[in-house]
Amino acid sequence: MAGPEPAPPVIADLPVAEVAPAVATAGDDGVFDYRIPPALVGQVAPGVRVVVPLGGRTVEGFCVRVKTGSGIAPERLRDIAGVIDARPAFPASSLELAVWTARRYLCRPGEVLQASLPGRGLSRARTVGRLAVPAAEAEEALAKLGGRAPVQAAVLRDLLGGPANTGALRKRHGPRAVAALRELVKKGLAVTAAETVKARVRGQAAKPPSGGEPSSGGEPLSGSEPAPTAPGSAALRLTSAQEAALARILVGLGGGRPGETAGAGGRIFVLHGVTGSGKTEVYLRAAAEALAQGRQALILVPEVSLVPQTLDRVRAHLGKARVAVAHSYLGGRERSEAWDSVLRGEADVVVGARSAVFAPLARLGLIVLDEEHEDSYKQEEKAPRYHAREVAAWRASREGAALILASATPSLETYHRALTREYDLLELPTRAGGQGLPPVQTVDMRAELAAGNRSTFSRALTKALGESLAQGRQAILFLNRRGHSTFILCRDCGWVARCPDCDVSLTYHSPETDLACHYCGRHEAAPSRCPGCGGHRVRYFGAGTQKIEEETRLAFPEARVVRLDADVVRRGEAARVLALFQAGQADVLVGTQMVAKGLDIPGVALVAAVAADSGLHLPDFRSAEKTFRLLTQAAGRTGRDERPGRVIIQTYSPEHPAVVAAAGQDYKAFALSELEARRPLGYPPWRHLVRVEFSDPEEGKAREASQAFARALDRQGFDSLPLVLGAPDRPRYGGPAAAPLARLRGRYRWHVLVFCPDLEAGLEGVKAAVRQATGHEARGGRRRAADGPVTAVDVDPTSVL
Ligand code: ADP
Ligand code: ZN
Ligand code: ZN
């Protein structure tokens with residue numbers, strides 16, 4: 001793909017590769033032409049990882065196409081420096097998918113490919129230089145170089161002692177060592193080759209990158225292996241609703257061939273069923289059908305911690321299938337092995353979290369997104385900021401596969417598409433085993449306070465918990481805040497412990513840590529006296545999971561209480577805690593939303609949302625949807641066997657529509673009213689939303705950049721009026737405004753929310769406006785102008801905080 005120059009004469013037989021560097025780059029599409037040097041002709045092929053010079057650096061990249069001739073003058077073409085793998089790391093379809101994803105989320109195809117590759121970040125390519133001539137000849141050349149080119153001489157001397165990589169050379173001889181090595185190559189004295197460096201050894205604990213896939217530390221799982229044939233539940237008789245849903249999916253699975261584009265509807269199914277309605281049962285049978293057709297199935301779950309549970313059921317159903325696990329949390333090697341086996345076509349089923357949507361399956365028949373509403377399907381913290389659901393939809397239509405979006409609480413984006421018949425809606429209204437949904441009791445915590453109960457446990461909850469324990473049954477207490485106390489405050493002067501780098505209060509944790517910032521990870525000791533007034537009346541407020549755990553122990557000393565939240569995950573104890581609870585060796589599980597999702601534990605008699613409204617009043621248009629979803633999902637954790645369960649919702653907002661609908665377990669009522677509430681404002685799903693953030697250590701710079709961007713949007717013809725006053729089909733924007741979390745990690749954040757009736761046209765406008773306002777390209781990642789603020793563009797963000 002051409003650079004900015006006018007097309008020079010094309011040298012027809014020049015072997016050229018189009019390469020997508022694995023890093024953020026300038027330029028329009030992130031793909032560049034390189035000459036394939038004679039030694040590498042035949043080795044460079046589409047999908048092969050290569051090493052290329054880029055600016056002053058040497059970086060890893062992916063060959064996306066091989067051709068002859070380039071629009072770039074031959075003398076300006078740089079050479080591919082080396083080849084990393086002997087075989088392609090991706091099939092052609094992945095390359096196409098990466099290009100689409102990059103365009104959809106404003107990032108580079110190479111970044112997408114890198115993010116989808118096993119052990120990402122674990123291997124780094126480096127260039128190794130070695131002598132190209134016998135030592136005697138090199139000695140001679142060294143003598144000639146002498147003092148005229150001291151750096152070249154020093155590098156050559158090193159190579160006389162053996163091969164050396166550019167990192168080491170740079171360390172020993174300074175930044176000019178790399179250029180010196182290049183000179184030596186030109187003179188024919190040295191050659192360079194690429195070498196892959198493993199940054200981590202197998203078995204070493206891999207810390208999930210921030211914004212990476214959430215995980216409870218699932219055990220390492222191997223690549224494709226035949227599962228023993230198990231009777232499983234393949235013998236279950238489907239309910240009539242399940243039968244009907246499956247029949248529709250099988251029709252969708254019927255005629256698809258790779259490359260065939262799906263018409264509207266028919267191929268994307270929204271499998272909406274209450275918790276326990278037998279959705280898993282349905283999609284596993286659909287997977288069995290895909291396999292029977294000689295095609296493959298890709299099953300995505302929102303969290304790595306849910307992979308083992310899903311694997312068990314896959315194995316029970318599809319006894320003879322070869323199953324591979326693909327996700328980015330395994331130690332580098334296991335994941336690579338799984339990836340390679342999939343690439344070789346040796347897997348029938350792939351199970352994994354978000355990034356597995358890119359798994360290199362060549363005969364894809366079915367994709368399943370289980371719990372499709374989960375935000376963890378969106379990568380939010382860093383580029384590529386893709387949503388696995390959108391990538392899966394494009395991939396399914398491109399590769400002629402069916403897609404099942406399964407949920408008890410579909411995202412409003414998905415449900416809207418079902419209502420407009422873009423997707424095919426399949427409903428499972430009742431639980432498969434005939435159990436009713438558990439009764440839900442809403443407790444008004446204002447009344448508790450009025451009655452003199454200042455505890456975080458209402459009287460109803462204390463009573464229900466006591467009963468459940470007396471019956472020897474289990475309970476889940478759920479609260480969406482980890483830590484002990486959410487803030488500490490001085491009763492005398494009002495001082496509150498705040499993070500100096502972020503616009504938030506510090507959470508008190510005990511005993512692991514003292515005060516911690518949940519946004520930047522900063523820790524500090526809790527003061528014994530008030531730093532504001534020196535007084536002694538510093539008090540702890542706002543209960544977190546640790547406090548609930550503590551209070552449960554105090555109230556029920558005989559109960560076995562365990563806790564599951566991000567702190568427990570970080571200590572690597574999540575799997576143990578879950579196993580304990582699942583085996584009935586713990587009575588009460590206290591946790592964050594982690595415990596509200598996806599768990600299938602029959603013995604649970606009681607589920608309580610301790611503070612149902614903790615997320616309800618966040619300044620995010622999705623806060624009602626998120627609260628409704630969490631409460632409904634949590635309620636689904638109980639009553640999953642023949643014994644009835646019950647649910648208690650503690651709230652200060654019992655009349656809020658999200659709480660009322662959750663108590664009535666009425667998804668449809670909630671969805672319809674919430675859709676209507678969003679319509680006049682043009683919030684998703686009525687419009688696409690693009691969030692453009694400008695951040696800087698100086699507030700003025702962040703604000704000014706966002707204002708310049710808004711002016712550029714004006715010039716692009718975007719409306720700044722509210723939707724009700726503006727033109728309905730024009731793109732519009734809100735802001736600029738300080739983000740609700742106005743400062744994070746020492747950077748002030750200003751943002752503009754852009755609402756696009758047509759995403760493609762909207763993104764063109766956004767890109768142009770970013771370029772005008774900042775002088776650099778708009779990217780889904782972050783990009784800093786020379787010394788200006790960092791710009792980050794998030795397409796369809798799941799949070800606008
Ligand atoms: P979901 O995925 O909707 O939560 P599952 O497929 O996990 O539901 O089913 C919930 C429970 O009901 C499981 O224990 C499953 O084995 C059982 N089940 C599913 N379908 C049937 C059926 N047709 N008859 C009886 N039990 C069923
Ligand atoms: Zn004070
Ligand atoms: Zn902080």
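Start at Val-724. Select it and show the surface of this predicted model. With a relative accessibility of 64%, Val-724 counts as exposed, because the cut-off for that class is over 50%. Its place in the chain is the loop between α21 (699-715) and β29 (732-744).

**The open sheet**

Switch to cartoon view. Which order do the five strands of the open sheet follow? Reading across, the order is β2-β1-β4-β3-β5, with antiparallel pairing. Colour β2 (32-35) and β5 (82-83) next. Both stand at the edges, and each has a single partner strand, so one side of each is left without a neighbour in the sheet.

Stay with β5. Strand β3 (residues 49-54) pairs with β5 in the antiparallel sense, over two bridges.

**Salt bridges**

Go on to the charged side chains. Side chains of opposite charge can pair when their charged atoms come close. How many salt bridges does a search of the whole structure find? The search finds 50. Here are some stops among them.

- Select Lys-378 and Glu-380. Their side chains meet in a salt bridge, 2.8 Å from N to O. Are these residues buried or exposed? Lys-378 is buried, and Glu-380 is buried too.

- Select helix α11 (residues 388-399), then Arg-395 and Glu-399 in it. The two residues are four apart, about one turn of the helix. They form a salt bridge whose closest N and O atoms are 3.0 Å apart. Arg-395 and Glu-399 are both buried.

- Select Arg-522 and Glu-524. Here the salt bridge has its closest N and O atoms 3.1 Å apart. Glu-524 has a relative accessible area of 31%, so it is partly exposed. Arg-522 is partly exposed as well, with a relative accessible area of 31%.

Conventions. Residues numbered from 1 in each chain as written. Chains lettered and ligands numbered in written order. Predicted model: local features only at pLDDT ≥ 70, side-chain atom pairs only at ≥ 80, totals over all residues. Heavy atoms only, no water. Salt bridge = Lys/Arg side-chain N within 4 Å of Asp/Glu carboxyl O. Buried < 20%, exposed > 50% of the residue type's maximum accessible area, 1.4 Å probe, protein only. Pairing = 2+ DSSP bridges.
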